[in-house]
Amino acid sequence: MSALATDVAIVGGGTAGCAAALALRRRGLRVVLLEKGLCGAMASGTNFGGVRRQGRDLREMPLAHRAREIWSRLPAIVGEDCEFRVTGHIKLARDDAEMAELEAYAPVARDAGLDLSVVGANAVRDLFPWLGAKVIGASISPDDGQANPRLVGPAFARAARAAGADIREHARVTAARWTGTRFEVEAGVLTVHARHMLNVAGYWGGEIAAWFGERVPIAPLCPNMIVTEPLPYFIDRSIGVCGGNVYVRQVERGNVIFGGGRGWGDPGLERSRPRADVARSAMARLLEVVPQLRTAQVIRSWTGFDGEMPDDIPVIGPSGTTPNLIHAFGFSGHGFQLGPAVGEILAEMVVDGRTASPIAPFAIERFTRADAERRTA
Ligand SMILES: Cc1cc2nc3c(=O)[nH]c(=O)nc-3n(C[C@H](O)[C@H](O)[C@H](O)COP(=O)(O)OP(=O)(O)OC[C@H]3O[C@@H](n4cnc5c(N)ncnc54)[C@H](O)[C@@H]3O)c2cc1C
């Protein structure tokens with residue numbers, strides 16, 4: 001058995017956890033990050049790679065703007081751009097109801113600071129001649145983009161380690177408790193003593209919150225992902241549709257990555273698999289919007305785990321039961337874009353006791369209060 005004393009114990013080495021480790025080191029705190037596998041290998045490394053603000057719940061928009069600003073500065077922050085490209089994001093309408101949805105969202109998103117324009121069928125044809133006849137309109141967010149998810153988490157982990165963070169991989173946390181003065185966090189033969197603890201364990205953040213008496217209705221979310229052989233580059237935007245049942249982007253090397261629908265996952269076993277029937281449906285919808293892909297060869301499919309909350313926004317904020325414990329999990333399928341900002345926000349909360357970013361809508365009490373009332377009843 002060995003013991004280690006630190007200022008902050010971080011449970012989870014996804015983008016959020018690694019970005020927090022880096023931000024905390026830059027504020028001068030000692031950090032031990034415990035990751036059960038490899039940093040950035042779970043949701044942070046298996047996701048679609050969309051760095052979009054368009055379509056977000058407006059309560060997330062201030063965090064998404066903050067994150068977008070950080071994405072542009074990645075080379076200065078982590079030493080590489082992680083293939084972040086400002087390709088813009090376009091959301092397509094395939095019928096009148098979807099067009100009405102785009103038109104309703106645009107003014108409220110603009111009020112929330114997002115540059116967004118809505119165009120009809122003729123303009124879509126002019127701007128994106130490779131889109132199919134099914135597309136009758138689009139809303140365009142020119143400053144959104146895409147990045148390589150495989151690179152981002154590890155880049156933050158390397159930068160945090162270089163800044164002095166103690167990053168432990170293959171270190172599964174099996175228990176954590178607050179003694180009244182500090183946390184005792186157990187990972188195999190190691191016990192970490194820390195004044196603060198961050199729960200950034202992705203889907204498993206729900207389990208860790210429950211150790212501290214905070215039960216939340218988190219569910220596994222396993223989006224089905226597919227990639228084709230490399231093709232000549234022509235999809236020069238990241239693309240989604242109303243309702244989200246298909247989304248596609250092409251990397252500069254030529255591979256077309258797309259998703260739509262959900263795969264299979266058992267978080268207890270930590271096993272997830274894409275589903276062939278779901279992939280075939282996504283392909284059919286994809287060909288309606290990008291017919292040119294009809295002869296493309298699929299080379300691989302996969303999925304991963306995120307945590308999904310019933311109201312589709314994450315838990316971010318202090319624990320309601322335990323001092324110095326801060327949660328950030330349950331990003332409901334859209335936390336890749338937010339990760340770099342979440343890291344900074346968590347560091348501010350530890351060091352300053354507060355953050356200027358508006359996180360009140362993400363409080364864990366929105367679930368735990370209802371749970372306590374139900375139990376009392
Ligand atoms: C297939 C897929 C596609 C997606 N597409 C997009 C997209 O295009 N754009 C977007 O913005 N978001 C997307 N998302 C969501 C996004 O990937 C996640 O919201 C985000 O990566 C969450 O980051 P995180 O750091 O909070 O969690 P994770 O990356 O899941 O990291 C949590 C880490 O905690 C570790 N951990 C858990 N329990 C323990 C324990 N007991 N001890 C030690 N370590 C532990 C895990 O091993 C994991 O590495 C997608 C998600 C998936 C799965």
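Strand β16 is mostly covered in this predicted model, with 6 of its 8 residues buried. The strand spans residues 255-262 and is joined by 4 bridges to strand β15, residues 247-250, the two running antiparallel. Within this pairing, Y247 has G259 of β16 as its bridge partner, while Q250 is bridged to V256 of β16. The hairpin formed by β15 and β16 has 4 residues between the strands, and in this hairpin G254 adopts a positive phi near 115°. Strand β16 is also joined to β13, here by 5 bridges and again in an antiparallel arrangement; in this pairing, P223 stands opposite R262 of β16.

These strands belong to an open sheet of 8 strands with mixed pairing, arranged in the order β5-β6-β4-β14-β15-β16-β13-β19.

The contact between them takes 4 residues from domain 1 and 7 residues from domain 2. On the side of domain 1 that touches domain 2, there are 2 nonpolar and 2 polar residues, and no charged residues.

The ligand is surrounded by 40 residues, of which the closest are G12, G14, G50, G202 and G335. Both domains take part in this shell, since at least three of its residues are drawn from each of domain 1 and domain 2. Among the secondary structure elements, α1 (15-26), α2 (43-46) and β13 each supply at least two residues of the shell. Strand β13 therefore both contributes to the shell around the ligand and pairs with β16 through 5 bridges, as a pair needs at least two. Classified by residue type, the shell contains 17 nonpolar, 19 polar and 4 charged residues.

G28 is located in the loop between α1 and β2 (31-34), and G28 counts as exposed because it has 9 C-beta neighbours inside 10 Å, where the cut-off for exposure is 12 or fewer. From G28 to I359, the separation is 331 residues in sequence and 24 Å in space, C-alpha to C-alpha. R374, for its part, lies in helix α11, residues 365-376. With 8 C-beta neighbours inside 10 Å, R374 is likewise counted as exposed. R374 and D81 are 293 residues apart in sequence, and the distance between their C-alpha atoms is 47 Å.

Technical notes:
Residues numbered from 1 in each chain as written. Predicted model: local features only at pLDDT ≥ 70, side-chain atom pairs only at ≥ 80, totals over all residues. Contact = placed C-beta atoms within 7 Å. Nonpolar A, V, L, I, M, F, W, Y, C, P; charged D, E, K, R; others polar. Near = placed C-beta within 6 Å. Domains from an automatic or database assignment. Buried ≥ 20, exposed ≤ 12 C-beta atoms within 10 Å, placed from the backbone.
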